[in-house]
Amino acid sequence: MTVVSPAKAGTETASAPPRRRSARRATGLVASVGVLLAIAAASIAIGAKPIPLDQVWHGLFHYTGSDTDVVIRDVRLPRTILGLLVGVGLGLAGAVIQALTRNPLADPGLLGLNAGASAAVVSAISFLGVTSLTGYVWFAFLGTAVVSVLVYALGGSRSATPVRLALAGTAVYAALYGYINAVQLLDSAALDKMRFWTVGSLASANMTVVRQVTPFLLVGVVLALALGRSLNAVALGDDTARALGTNLNRTRALSMAAVTLLCGAATAACGPIAFVGLIVPHLVRAITGPDMRWILPYAAVLSPVLLLGSDVLGRLVTRPAELQVGIVTTFIGGPLFIYLVRRRRMAQL
């Protein structure tokens with residue numbers, strides 16, 4: 001009996017030969033990059049004060065120190081870059097988690113990673129007096145890393161399975177959010193300071209935060225993209241993956257490391273943002289099929305499109321004020337996810 005991998009099953013169809021299907025995917029990826037560039041330009045141009053694109057170009061490449069140039073260079077450019085990086089991190093983390101757990105409803109919250117970041121930040125605020133976003137970054141990343149190791153250990157470590165990892169993550173998530181709520185109830189100052197961060201926002205972005213999280217995100221991106229072929233084998237089941245020569249323990253350990261780097265850095269930079277890591281991999285699968293070698297790059301491009309687009313929308317609907325991006329992604333992602341489920345055409349892993 002011949003075993004057909006998800007990549008081959010997704011490409012060798014009667015209606016589209018492999019080469020034609022690959023060409024379509026490549027064309028779609030290039031088009032997605034074009035959409036991302038357009039959204040990034042809109043993110044810099046649109047805000048409380050709209051800036052024409054010619055002035056955006058001038059502020060980026062012919063800086064003179066005018067008020068408009070300062071807004072572009074010091075406020076909107078860091079915000080756009082951070083949104084791009086965070087979107088890439090959340091999209092790739094969601095795609096890897098869904099493949100690792102073989103659960104189409106999985107996202108970084110399922111493994112308790114967001115809860116770990118939040119618990120570390122609330123502890124830093126309440127017990128150590130940390131008040132700056134720069135301080136939040138390192139504690140949030142540390143919390144994500146600790147929870148990642150804990151979930152992997154509780155899930156069986158070398159004998160971990162998708163079900164064990166999901167159950168361990170759910171248990172850790174519940175315990176940590178109980179702790180977070182208790183601290184916030186006992187310390188009203190911590191509650192006030194956490195309120196803005198937990199909503200998920202790009203409004204406080206600056207180049208210092210961008211420089212801090214970029215190395216972690218870059219390593220996570222490279223690691224996640226390198227796991228595409230191994231994650232295809234994992235999708236076939238443990239026995240088949242072993243028969244194909246995949247080292248499951250190494251794949252799961254590296255996947256957890258990639259998710260920790262991506263989700264930890266993204267959550268640390270702007271707080272937990274819902275639905276990006278959940279909804280984008282579903283939309284991508286409808287385009288690419290189940291091949292992780294295409295799902296991962298598509299998710300890396302389309303996730304920042306959703307995140308930056310939501311951020312721009314949040315600035316438009318309440319101008320001159322703004323709505324935090326975490327709220328907008330929830331409003332967009334919730335109904336969209338329900339629509340995909342009710343269509344009964346949700347792409348399978």
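Where is the place of Phe 275? Select Phe 275 to begin, and you will find yourself in the loop between H12 and H13, at a residue other than glycine whose phi has a positive value, near 80°. Helices here are DSSP runs of H or I with at least four residues, numbered from the N terminus.

Before going on, keep in mind that this is a predicted model, in which local features need pLDDT of at least 70 and side-chain atom pairs count only at pLDDT 80 or more, while totals for chains, interfaces and linings use all residues. Residues are numbered from 1 along each chain as its sequence is written, and side-chain values use heavy atoms, with hydrogens and water left out.

**Helices H4 and H13**

Next, select helix H4 (residues 67–101) together with helix H13 (residues 276–288), whose axes come within 8 Å and cross at roughly 70°. H4 is therefore roughly perpendicular to H13, a term that covers angles of 65 to 115 degrees; the axes are lines fitted to C-alpha atoms over the stretch in contact, and angles run from 0 to 180 degrees between N-to-C directions. Show the side chains of Leu 90, Gly 91, Gly 94, Ala 95 and Gln 98 in H4, which meet Val 276, Gly 277, Leu 278, Pro 281, His 282 and Arg 285 in H13, where contact means heavy atoms within 4.5 Å. The residues of this contact of H4 with H13 divide into five nonpolar, five polar and one charged (Ala, Val, Leu, Ile, Met, Phe, Trp, Tyr, Cys and Pro count as nonpolar, Asp, Glu, Lys and Arg as charged, and the others, Gly among them, as polar).

**Helices H6 and H7**

Now move to H6 and helix H7 (residues 162–186), which pack at an angle of about 130° with their axes 8 Å apart. H6 and H7 are therefore oblique to each other. Val 147, Leu 150, Val 151, Tyr 152 and Leu 154 in H6 meet Leu 165, Ala 168, Gly 169, Val 172 and Leu 176 in H7. By class, this contact of H6 with H7 has nine nonpolar, one polar and no charged residues.

**The pockets**

For the largest pocket, which holds about 300 Å³ of space, select Asp 107, Gly 109, Asn 114, Ile 273 and Ala 274, which lie nearest its centre among the 21 lining residues. A pocket is, on a 1 Å grid over the protein atoms alone, an open set of points where a 1.4 Å probe fits, with protein on both sides within 12 Å along at least five of seven lines, and lining residues have an atom within 4 Å of a point. Points are joined across faces, edges and corners, and a volume is the space filled by probe spheres set on them. H7 gives the most to the lining of the largest pocket, with four residues.

The second largest pocket has a volume of about 160 Å³, and Leu 36, Leu 37, Ala 40, Ala 41, Ile 44, Leu 77, Thr 80, Ile 81, Leu 84 and Leu 308 line it. The largest share of that lining, five residues, comes from H2, and its residues divide into nine nonpolar, one polar and no charged.

**A last stop**

Finally, select Arg 319 and Pro 320, which are joined by a cis peptide bond with omega of about 10°. Pro 320 has its place in the loop between helix H14 (292–317) and helix H15 (325–342).

Technical notes. Helices (H or I, at least four residues) and strands (E, at least two) are DSSP runs, numbered from the N terminus. Angles under 35 degrees count as roughly parallel, over 145 as roughly antiparallel, 65 to 115 as roughly perpendicular and the rest as oblique.
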